[in-house]
Amino acid sequence: MKAAAESIWGSDSLSGKTVAMQGFGNVARQTAMHLRQENVRLIVTDINGEAIEEARSLGATIVAPDDIYDVEADIFSPCALGGILNDETIPRLKAALVAGGANNQLLEARHGEDLRSRGIVYAPDYIINAGGIIQVACEAEGGDIAQRARAKTEEIFQTTQRVLAISREQDIPTSEAADRLAEDRLRLAKAKAQESGPA
């Protein structure tokens, strides 16, 4: 979120920004804690009453589930359902940035271009949400899990910046830029594996 903010507003500070969060589960809750430390105004929706009360206790403004797409916000943060960026919802968004914890946010690949054509920056979900899989990978490797996981997770900021740069340089949606970066990395890893040969 901060990497994309820097690309849009010239600073990674989120102070004074408004974030509309769709869903308030564990990931959204942790994100909200960090956002509150940066003086961010929160607008939240969830279908779970307990989650709503928790969001309210953090000072969030609560709206009905279907109203979250229409609120005035700098950042729309989908943290619940996949496929919520679609033909119906994208035209309703008033945010400059979409960055959230939900998986598979684009209903179809073409919706990445729809966001771009409307001037909305999309931080691809599988890039910015890589922390969980990084943790799992570090646990599988053993050793100093916490230190390695933190170091790798901190690289997400630079990876997001790289995706945004590719999008600008190649005049393509960030979703496509993320796919190209991932494909390049897979090709490189495969080439290295082939060079090293069988163990």
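Predicted model: local features only at pLDDT ≥ 70, side-chain atom pairs only at ≥ 80, totals over all residues.

## Span of helix H2

## Faces and surroundings of H2

Buried residues of H2 are Ala28, Arg29, Ala32 and Leu35. Viewed down the helix axis, the buried residues of H2 fall within an arc of 125°, so they line one face of the helix. The cover over these buried residues includes strand S1 (18-22), strand S2 (41-45) and helix H3 (49-57).

On the other side of H2, the exposed residues are Asn26, His34 and Gln37. Just after the helix, Asn39 adopts a positive phi of about 60°.

## Aromatic rings

How many aromatic pairs does the structure hold? There is one aromatic pair. Tyr69 and Phe76 form this pair, with 5.8 Å centre to centre and 45° between the planes, an arrangement classed as tilted. An angle under 30 degrees would count as stacked and one over 60 as edge-to-face, so the value of 45° falls to the tilted class. Tyr69 and Phe76 are both buried.

A further ring contact involves a charge: the charged end of Lys17 sits over the ring of Trp9, at 4.5 Å from the ring centre.

Technical notes
Residues numbered from 1 in each chain as written. Heavy atoms only, no water. Phe/Tyr/Trp six-rings, centres within 6.5 Å; stacked < 30°, edge-to-face > 60°. Buried < 20%, exposed > 50% of the residue type's maximum accessible area, 1.4 Å probe, protein only. Lys NZ or Arg CZ within 6 Å of the ring centre and 35° of its normal. Helix = DSSP H or I, 4+ residues; strand = E, 2+ residues; numbered from the N terminus. Arc of directions from axis to C-beta. Contact = heavy atoms within 4.5 Å.
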